[in-house]
Amino acid sequence: MGIVSRLSYEELEKRLEIQETLVECTQTLLSKENDFGVSVSNVLSIIAGFYSAETVSIYEFNKDRSSAKSTYRWSIKEDEDNEFGIYELDNLTIAECFDSLEEKSEIYIDIDENADGNSIISDYFKDYHIENLMAVPLFQDGQVYGFICVENLKRNKDSALLLQSVAAYILNDIKKNDSFEQKILHGISDMYLSMHLINLCDNTFHGFKCIQHIEALLTSNDSFNYENASEQIRFVMTSLTDPDFLSGVLRFVNLSTVEQRLGSYKIISHEFYGKVSGWCRASFIPVSKDVDGKLKYVIFSVQQIEEEKRRELEYQEILRNTLGEQNEIYTEMLQAQSAGIFSFKKESHEILMMNPAALNLFGWDSIVSANGNIHTIFGKMESPKKDAIINKILNMRRGDPEFIFEFSIKKSETEIRWILGHSKTVRLSNNEEIVINSFTDITANKRMETELFYLSQTDALTKINNRGSGERRIELLLKKGECGMFCLFDADKFKSINDNFGHAVGDEVLIEIAKAMKRAFRGNDIIMRLGGDEFAIFAVGITDKKIGAMCIERFFACINEISIKALRDRKIAVSLGAVLAGGTGETFDHLYTQADELLYECKKLPGSQYSFYQKD
C-alpha cells in the first residue's frame with residue numbers, strides 16, 4: 001500500500017493518538033451511565049492523561065470579563081489551597097493572558113520563558129505552583145465566552161490539536177447541552193456509510209464502522225452471522241441497491257473473485273445507485289497476505305458520493321454539448337471544472353485542451369511550458385505500469401471501454417499526490433477522433449488507506465504489532481529460514497494491579513511495557529502484544545545464548561526504570577521464556593509452546609526472571 005506523504009512513525013502515531021482520544025472523549029459524553037456534569041469531568045480527566053497534566057479546567061468569563069469562574073474542573077491534586085484557581089486573576093492579568101484568544105486559536109505560557117517578560121503572570125503562577133499552561137477559547141454565537149486550559153503539562157506541549165478539537169466539536173455547546181452524537185457522527189458519515197475487515201480465508205468479518213441503517217439491515221437478517229461474510233454482504237447490498245444496478249453490484253461483491261480482480265491494484269471500486277443513500281461507491285482494499293502469499297484480509301467499504309457523482313454527471317453533460325456543438329460557452333465552462341481535463345487528437349497527438357486543473361496536477365504553468373508534447377506531459381507519471389498506461393492511452397480505439405488507471409505525481413520532496421485517471425475515445429461532428437482524459441486527485445483516499453492499514457496491524461492500546469500482524473511477520477521470517485530469539489513474557493501479578501489500582505492504571509502499565517520493548521530492541525525486531533498482559537518478541541539474527549541474555553537484561557533494565565505515579569513505590573516485574581529459533585522447520589505455535597513452559601516456571605520465582613529453552 002503506497003505511502004502518500006513522508007510522515008514519520010512518531011507523527012502518524014501522534015495523529016492516531018489524538019483521533020482515538022477525541023473519540024474516547026465523545027463516547028464518554030454520550031455515556032448514559034453518568035449525568036452531564038460527571039461526563040464532562042471524565043472528559044477533562046482523559047485530556048489530562050493525554051497531556052500528563054495536573055489540572056484541566058473550563059472557565060467562563062463574567063459579562064465585563066473582569067473575572068473567570070471555573071464551571072468544570074479535574075485535578076490530580078488531592079488538597080488544593082485554591083478551589084477555583086485561575087479565576088481570581090485581576091483585570092490586568094486576565095487582559096494580558098486571555099484577550100489574545102479572540103485572535104489566536106491557542107496560547108501556551110511557560111513560566112521560565114516568560115519570567116522576565118511578564119512579572120504579574122510569573123509571580124501569580126509561581127504562587128500557585130503553575131509551571132506552564134495551555135489554553136484554547138470556547139465560542140458561543142461567534143464570541144469567546146470562556147476557555148479550557150491545561151496546567152503543568154509534561155507531554156505534548158507542542159500540540160494544542162486535541163484541546164482545539166475538544167473545544168470545537170464537544171464543549172462549544174456546553175451551555176446548550178445539545179446532542180453531540182449528531183455532530184460527531186455526521187462528520188464520519190460524510191465519507192463512509194460502512195467499513196468492514198474481511199478474512200477471505202475463513203469467510204469471516206468484523207466492522208470498523210457501520211451506520212444505523214446498515215446495522216439494522218444486518219441484525220434483521222435471520223441468518224446473520226459474522227462467520228459468513230459473503231452471504232451477509234450480498235444480503236446488505238441487495239437491500240441497499242437500486243434494482244437497475246443490482247446485477248453489477250452482486251458481481252462486484254463476489255468474494256471468491258476478489259483476489260483475482262485486485263491483482264496488483266491498491267483498490268478496486270464499483271459505483272451504484274442506492275435506494276436510500278443515492279450514489280455510492282463500494283471498494284475493496286487489500287490489507288495483508290498469509291504466509292503462502294495468498295490474499296487474506298481486505299477492507300470492504302461503502303462510501304456516499306452523491307455530490308461527487310452530481311459533478312461528474314454535470315461534467316459529462318457539458319462535455320457532450322461541447323464536443324457535439326463546438327460551443328465556446330461550454331468550452332469555457334469546461335476550463336473552469338475542478339477536475340483535470342486533457343484532450344488530444346488520436347492520430348496526430350495534437351493537444352486540443354488542457355484545463356488549469358490538469359496543468360496544476362501535472363505541475364505545468366501552461367501547455368507551452370510542456371512543449372505541447374504528450375510524452376512530456378505524461379512523463380511526470382510515477383507508476384510501475386507507466387509505459388503500459390501511456391501506450392494504452394495513445395492507442396485507444398473508438399468503441400473501446402473507458403480506461404481507468406491510477407498513478408502518482410511527486411509535487412515536492414515531501415509531497416506525493418495520487419491521481420485517478422479516466423480515458424475514452426470519442427468522435428467529433430467532423431468525424432475526427434479525439435481522446436478525452438479526466439484526472440481526479442484521490443490523495444485523501446490514499447491517506448485513509450494508509451492509516452487503515454496501520455490500524456489493522458497495530459494494537460490499539462500500546463501502538464505495537466497486534467497478535468495477527470506480529471504472528472504473520474514471524475511466520476514469514478521462519479518460513480524464509482531466518483534465525484532469531486523468540487521471547488514470551490507477561491507482567492507479574494498484573495491482576496492485582498487492576499483490582500487494587502483500577503484498569504486505567506493497568507492500561508498505563510501495558511503502555512509503559514511496550515515503550516520499554518521499543519527502547520530495548522532494534523527497529524527490525526518484531527515486538528507484539530498477544531492480548532491482556534502477554535507480549536512476545538522475535539529478535540532477528542540472535543542465535544547465541546550470551547548475546548540473547550544481554551538483550552533480555554537490557555530489556556529488564558528498561559522495565560525496572562518504569563515509574564507510574566499511581567503505583568507509588570511498586571515496581572513492575574515480568575517473567576520471560578526465551579527460545580533460540582534455528583530457522584529450519586520452526587513455527588510460531590511451536591516456539592510459543594516452548595517459551596510458555598519456561599514462562600510458567602519463572603513465575604514461581606520473585607522479581608523479573610527469565611530462562612532459555614534447553615534442546616535435547
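**Contacts and overall make-up**

I started with contacts (heavy atoms within 4.5 Å): among those between residues at least 6 apart in sequence, 59% join residues at least 24 apart. I kept in mind that this is a predicted model, where local features need pLDDT of at least 70, side-chain atom pairs count only at pLDDT 80 or more, and totals for chains, interfaces and linings use all residues. Residues are numbered from 1 along each chain as its sequence is written, and side-chain values use heavy atoms, with hydrogens and water left out.

Next I looked up burial, with buried as under 20% relative accessible area, exposed as over 50% and partly exposed in between (1.4 Å probe, protein chains only). Of the 616 residues in the protein, 47% are buried. I then went through the secondary structure, taking helices (H or I, at least four residues) and strands (E, at least two) as DSSP runs numbered from the N terminus. That comes to 22 helices and 20 strands.

**The five-strand sheet**

I traced an open sheet of five strands, paired antiparallel in the order S2-S1-S5-S4-S3; two strands pair if DSSP finds at least two bridges between them. S2 (68-75) and S3 (107-110) are the edge strands, each with a single partner, so one side of each has no neighbour in the sheet. On average, neighbouring strands here are turned by 20° against each other, direction ignored (axes are lines fitted to C-alpha atoms, for helices over the stretch in contact; angles run from 0 to 180 degrees between N-to-C directions). I also checked S4 (132-140) against S5 (143-151): they pair antiparallel over eight bridges. Pro137 is opposite Phe147 in S5.

**Helix H19**

In H19 (494-501) I found Phe494, Ile497 and Asn498 buried. These residues lie on the same side of H19, because they cover an arc of only 95° around the axis (taken from the directions from the helix axis to the C-beta atoms). Lys495, Asp499 and Asn500 are exposed on the other side. The cover over the buried residues includes strand S16 (484-491) and helix H20 (503-520). Just after H19, I noted a positive phi of about 100° at Gly502.

**Rings and charges**

For aromatic pairs I used rings of Phe, Tyr and Trp (its six-membered ring) with centres within 6.5 Å; planes under 30 degrees apart count as stacked, over 60 as edge-to-face and the rest as tilted. I got 22 pairs. One cluster linked by ring pairs holds Phe489, Phe521, Phe535, Phe555, Phe556, Tyr610 and Phe612.

Last, I looked for charges over rings (NZ of Lys or CZ of Arg within 6 Å of the ring centre and within 35 degrees of the ring normal). Arg155 has its charged end over the ring of Phe50, 5.7 Å from the centre. The charged end of Lys392 is over the ring of Phe403, at 5.9 Å from the centre.
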